[in-house]
Number of protein chains: 2
Amino acid sequence: MQNRIVIVGGNAAGVSAASAARKRDRKANITLITEESYPPYSRCGLPYVIAGDISRFEDLLIFPHSYFQMMKFNLLTQTTVKHINPNEKHIIIENTDGKTVTISYDKLILATGAKPFVPPIKGIKKREVYTLRTIEDGRLISRQVVAGKHAVIIGAGFVGLELAHALSIRGVKTLIVEMVPQILPTLLDQDMAMKARGRIEEKGVMIITGKAVDEINGREKVKEVIVGEESYDADLVIVATGVRSRTELAIQAGLTIGSTKGISVNQKMETTIPDIYAAGDCVESKNIITDQPTLCQLGTIALRQGKVAGINAAGGQAIFKGVLCSAVLKAFDLEIGATGLTSNNAEKNGIKTVSGRVRGKTRAEYFPGTSEINVKIISDTSSSRVIGSQIIGSEGVAQRINMLALGIQKQVKLEELVQIDACYSPPVADSLEVVMLSAEMALQKQLRKSN
Amino acid sequence: MQNRIVIVGGNAAGVSAASAARKRDRKANITLITEESYPPYSRCGLPYVIAGDISRFEDLLIFPHSYFQMMKFNLLTQTTVKHINPNEKHIIIENTDGKTVTISYDKLILATGAKPFVPPIKGIKKREVYTLRTIEDGRLISRQVVAGKHAVIIGAGFVGLELAHALSIRGVKTLIVEMVPQILPTLLDQDMAMKARGRIEEKGVMIITGKAVDEINGREKVKEVIVGEESYDADLVIVATGVRSRTELAIQAGLTIGSTKGISVNQKMETTIPDIYAAGDCVESKNIITDQPTLCQLGTIALRQGKVAGINAAGGQAIFKGVLCSAVLKAFDLEIGATGLTSNNAEKNGIKTVSGRVRGKTRAEYFPGTSEINVKIISDTSSSRVIGSQIIGSEGVAQRINMLALGIQKQVKLEELVQIDACYSPPVADSLEVVMLSAEMALQKQLRKSN
């Protein structure tokens, strides 16, 4: 019998699940349902279209239409799932012309993603207040981008900083307001955030931390924002205060929702109701180090979770072991990345830490193009195991984060990290690798502590 | 009592040993002896000065003179060690004016390095036949570099390819002749060598493999080289056929020399005679995977071995665990790197292998500047452990090699490598990391084999 796999959500997790299911089962009937009018595209690329690095939003479409034909997916765009009936094993969908259709499934995969969180600020419903999640959002913002205008970005997370980069290089005067006392609070410790902040401010972006936007003023159109006692000109406001898992359907279907408000899943990406899987931004993940539930709403995680859900839904055996939330962003000439726990986060989890922080070079000191790179390595004092890293530099950040992610997954200790048989050549690396120097410094501090 | 540490050789291993010894023992009397007229410099940078990437040979000097004063080293340049007397624990040196002096030591560290191997080719003693090992060599070659001239490089190893890059971009018509049937025979397998070769030939460098230079012709000056039946114009010839450990002093002192013709040392970098250590290009290392002796004449290894020798000579406890010979080079727009064993090398050591080879992207498909990167992952079929990798691309090669080196040192298996919690952002990484894709392919091949 043909296995009917229905996937709700057509972005990273959904398409990854569909593709993995197809590789496992050539005959399965695979339906992919998305509310959006576009087939899957790279959300992470949206700021770079606004920046002008990429010329058209359509360039973000990941697969040509032929891919969906080749993979024999039933792709339903502009289609909303209204209801899940787990007992009858069917869902009810509605398309643009308002028609509802019932679709039966053998396996259902929820990849419903997340939606921007919009804080209850006075005036937030005004025109020219945007979020950035979809191509439509991107188009709306793009139309407002005119050199000399003033933009206020609420939130100094990934999207906030990437947008600040995009707007600034297009000549928009940009202010970021972050309620927490530092930028990138989920990614970096205060010390590293300070370094990143300094380098972003140098580019002409104004940053206010530790204060909230109290009000967005203007008649119909936005005119200014109020932060404490001060008012700041604003022709447009972008809310970039994170996303929330989309779990309405999951709740309606009776699935268990975790403490982080993501859908609960096990290592097979199975929810608490048989034959329903979930993957991507809508699910709660488990941190590999602390074993605690966490939200890790990243495209990479969505791809890997989707793959596991797809393989299992198609009758295979796959396991998703958990997350380190490795992430990297590029804004201006700066790459900022992290993996594992911050010192701050570790201490909150009751882990005593020691850290080493070193400023090194990306190429030989004397080689043209060499640039500064700052690396922080965090280890668990009791075991000497590396549990986190944060890196800021102009090049070579992403691959160092990947190296440390692999190291953490392999439970590497500081003593081992200082002994990497690293490679070197003047145009591409320095003879003393900065990751090893940082580990060395952490090790010295740890030895001093234990003496 | 003041510990008298005498170090023979003033480059990577020697200075690393001296610095490590000083950090361990502030009062030690540390003497650093070098034949060269320059204090330590980066040999690896020599081709890039010839290329014009770096403006002056002096830019390669690693430490300002003040460093040697600050560290209180007795730096003796242009000084030759004539004799070692291990029983009396002294050495006899000769400086430029021919005077000999006896210097007593408590600990002696040999960091005598290596010298170019020059094969016995007819005509090899002619003028305009060079090797590249020292700043003096670099100056001699540089003077011959005139656009339109013809150069023949014998040997397609690291130095050969880096020099081909240097000469070509300065307009010299360059031919490489390599006796082995592939380029970079110690670094790459044939399949990856083919890929690299194609991209180098595209840049206008002519490459002949599997044939030797039979003769270098010309009256006094070089005019042509003969390869088989063919003759090729040559205004200069550079011999880049590898280096040999400099062990004359070690042999005179009665130290044991290993099967690879490097000085035998244990994990403490101790030679077979008490109180004499050795480090760097002159010693034989042990491969971490095969446990077999190997020569791994790289600056990175010299630095780490020198450090261990220096700490131990100064009364500390340090261990050097062995090598993977991780290495990277950049020639033209190509980075080529490797770590661990090649498939070829593994099979010679009796290890059955499976490999995955994938062509991926360094950034998101749609992001400007994205480029091709080829990754090969080699694993031991019996254990699924990763034992080697080779990578060719325009960016991001060095740090991926380091990641794999760490992985190999932590005995990572293919099943684990496909699960790296890797990071992603369109400008700096692709959403599916090519190292993981290559591991996935190797894993699939292995599963098929075992079925």
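**View 1. Cys325(A) sits in the loop between α8 and β21 of chain A.** The model is predicted: local features need pLDDT of at least 70 and side-chain atom pairs count only at pLDDT 80 or more, while totals for chains, interfaces and linings use all residues; side-chain values use heavy atoms, with hydrogens and water left out. Residues are numbered from 1 along each chain as its sequence is written, and chains are lettered from A and ligands numbered from 1 in the order in which they are written. Helices (H or I, at least four residues) and strands (E, at least two) are DSSP runs, numbered from the N terminus. Although Cys325(A) is not a glycine, its phi is positive, at about 55 degrees. Most residues other than glycine have a negative phi.

**View 2. Cys296(A) and Cys325(A) form a disulfide, with an S to S distance of 2.3 Å.** The bond connects distant parts of the chain, 29 residues apart: Cys296(A) belongs to the loop between β20 (293-294) and α8 (299-313) of chain A, and Cys325(A) to the loop between α8 and β21 (327-331). A disulfide is a pair of cysteine sulfur atoms within 2.5 Å. Cys296(A) counts as buried because its relative accessibility is 6%, whereas Cys325(A), at 22%, counts as partly exposed. Buried means under 20% relative accessible area, exposed over 50% and partly exposed in between (1.4 Å probe, protein chains only).

**View 3. In chain B, a disulfide joins Cys296(B) to Cys325(B), S to S 2.3 Å.** Here too distant parts of the chain are linked, with Cys296(B) in the loop between β20 (293-294) and α8 (299-313) of chain B, and Cys325(B) 29 residues away in the loop between α8 and β21 (327-331). Cys296(B) is buried, with a relative accessible area of 6%; Cys325(B) is partly exposed, at 21% relative accessibility. Over all chains, a search of the whole structure finds two disulfides.

View 4. Cys44(A) is partly exposed, with a relative accessible area of 29%. Cys282(B) is buried, at 0% relative accessibility.

**View 5. Met269(A) has a positive phi, near 65 degrees, and is not a glycine.** The residue is in the loop between α7 (248-253) and β18 (276-278) of chain A. At 1% relative accessibility, Met269(A) is buried.

**View 6. Ile84(A), Ile91(A) and Leu110(A) touch the most other members of the largest nonpolar core, which has 103 residues.** A nonpolar core is a set of buried Ala, Val, Leu, Ile, Met, Phe, Trp, Tyr and Cys residues joined through side-chain atoms within 4.5 Å. Contact means heavy atoms within 4.5 Å. Leaving aside residues up to four places away in sequence, Ile84(A) touches residues including His90(A), Ile91(A), Tyr105(A), Leu108(A), Leu110(A) and Leu249(A). Another core, of 76 residues, lies apart from this one, and Ile373(A), Leu417(A), Val375(B) and Ile378(B) are among its members.

**View 7. The largest cavity holds about 40 Å³ of space.** Its lining consists of Pro181(B), Gln182(B), Ile183(B), Gln190(B), Ala193(B), Met194(B) and Arg197(B). A cavity is a set of points, on a 1 Å grid over the protein atoms alone, where a 1.4 Å probe fits but cannot get out; lining residues have an atom within 4 Å of a point. The search of the whole structure finds one cavity of 30 Å³ or more.

Terms used
On a 1 Å grid over the protein atoms alone, a cavity is a set of points where a 1.4 Å probe fits but cannot get out, and a pocket is an open set with protein on both sides within 12 Å along at least five of seven lines; lining residues have an atom within 4 Å of a point. Grid points are joined across faces, edges and corners, and a volume is the space filled by probe spheres set on the points.
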